[in-house]
Amino acid sequence: MAQFLLGMTLAQLEGVCTAAGMKRFVAKQLADWLYKKRVASIDQMTNLSKENRARLAAEYEVGHMAPAEVMTSRDGTRKYAFEAVRPGQYIETVMIPESDRATLCVSSQAGCKMGCTFCMTGRQGFHGNLSAREIIAQFMDVDEAEELTNAVFMGMGEPLDNWDNVKSAIEILTSEWGFGWSPKRITLSTIGDMATLKDFLDSTRCHLAVSLHNPFHEERQKLMPVENRYPLSEVLSLIRQYDFTGQRRVTFEYIMFAGVNDTKRHADALARLLSGLECRVNLIRFHKIPGSPLASGSEQMIEAFRARLSAAP
Ligand code: SF4
């Protein structure tokens, strides 16, 4: 079965060239054809000799993915389904247009094993990690591929639980031989997977978003089982070791659940927890999911919470 070139980093492409008896510099040409000229087949790589193309084609394909379904909402948001991980398994990619940007919300896993009680993906269980190719193809195989300005790793899955492949994808996106994007265009959202968070913070300059949702250990445990393994206090201690006062941003996501995490007590504790840290807090309205007792709060409640947070010293 053919392997895919898409999703390979420059170092991996060098390995391919060396193994196929080609010069190492051909890897740079390959990266150029894959990520800049965005060809669909090895045949189109016309500055490679016929012999080299034949050697490559004997083992590899480029590896683009056609979306299985596309749905456009009234606000212009476009949802794509891609078959990934195995036949019959689908993941979602969402393109969100705004006046001056087009943001791609990317999936990193099919399903998720983290089991957050408020999340539909969590309910589906875990079906596998996306390969770097399946992550990069989301950027290249949506209709808006040429217009994308930003990306958020906030789709299906916990990106830090598939860190090797997400890291390769980020390397491709941010390298001069790849997409050449500034890391400022990318945000990775995590529930706080400490096993790989440090490497993310050390090896990239991308923005970080942390799903916080409750400032109290015992209460957060009930919403997010990850709290048992990696308490928020440890996640925050790590984050505080990094500089978020310049170009790099850290945002805390806080979904508002009526009667669960929306009191003054919660607002005050959240303010205390984040005090002295240069960050943003994103209060998010909850969209109810079937079979869950969690309910969404009113706009007034969210505004009152926001006001309390802003007033905190
Ligand atoms: S980590 Fe993210 S995708 Fe996984 S269950 Fe929690 S909220 Fe859902």
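Helices H5 and H6 are oblique to each other, because their axes cross at roughly 40°. This is a predicted model.

**The H5–H6 pair**

Two packed helices are described by the angle between their axes and the distance between the axes. Here the axes come within 8 Å. H5 covers residues 132-140, and H6 covers residues 163-174. The crossing of H5 past H6 is right-handed. H5 brings Ala132, Ile135 and Ile136 to the contact. H6 brings Asn165, Val166, Ser168, Ala169 and Ile172. By class, the contact has 6 nonpolar residues and 2 polar ones. No charged residue takes part in the contact of H5 with H6.

An α-helix has 3.6 residues a turn, so residues three or four places apart point the same way. The H5 residues in the contact include Ala132 and Ile136. The H6 residues include Asn165, Ser168 and Ile172.

**Helix H2**

H6 has another partner to consider. The buried residues of H2 pack against H6, and also against helices H1 and H3. H2 itself runs over residues 26-36. Its buried residues are Val26, Ala27, Leu30, Ala31, Trp33, Leu34 and Tyr35. Just after H2, arginine 38 has a positive phi of about 55°.

The helices named so far have these ranges:

| Helix | Residues |
|---|---|
| H1 | 10-19 |
| H2 | 26-36 |
| H3 | 50-59 |
| H5 | 132-140 |
| H6 | 163-174 |

**Proline 97**

Strand E5, residues 90-98, contains proline 97. Is proline 97 buried or partly exposed? Proline 97 has 15 C-beta neighbours inside 10 Å, so it counts as partly exposed. Leaving aside neighbours within four places in sequence, proline 97 contacts Gly76 and Ala102. Glutamate 144 is 47 residues away from proline 97 along the chain. Their C-alpha atoms are separated by 9.7 Å.

**The whole chain**

The chain has 12 helices and 13 strands. Its radius of gyration is 21 Å, close to the 20 Å that the globule rule gives for 313 residues, so the chain is as compact as a globular protein of that length. The C-alpha trace spans about 70 × 40 × 40 Å along its principal axes. Of the 313 residues, 37% count as buried. Contacts between residues at least 6 apart in sequence were also sorted by separation: 64% of them join residues at least 24 apart.

Conventions:
Residues are numbered from 1 along each chain as its sequence is written. This is a predicted model: local features need pLDDT of at least 70, side-chain atom pairs count only at pLDDT 80 or more; totals for chains, interfaces and linings use all residues. Axes are lines fitted to C-alpha atoms, for helices over the stretch in contact, and angles run from 0 to 180 degrees between N-to-C directions. Helices (H or I, at least four residues) and strands (E, at least two) are DSSP runs, numbered from the N terminus. Angles under 35 degrees count as roughly parallel, over 145 as roughly antiparallel, 65 to 115 as roughly perpendicular and the rest as oblique. A crossing is left-handed if the near helix is turned anticlockwise from the far one by less than a right angle, and right-handed if clockwise. Two residues are in contact if their C-beta atoms, placed from the backbone, lie within 7 Å. Ala, Val, Leu, Ile, Met, Phe, Trp, Tyr, Cys and Pro count as nonpolar, Asp, Glu, Lys and Arg as charged, and the others, Gly among them, as polar. The radius of gyration is taken over C-alpha atoms; the globule rule is 2.2 Å times the number of residues to the power 0.38. A residue is buried if 20 or more other C-beta atoms lie within 10 Å of its own, exposed if 12 or fewer, and partly exposed in between; C-beta atoms are placed from the backbone.
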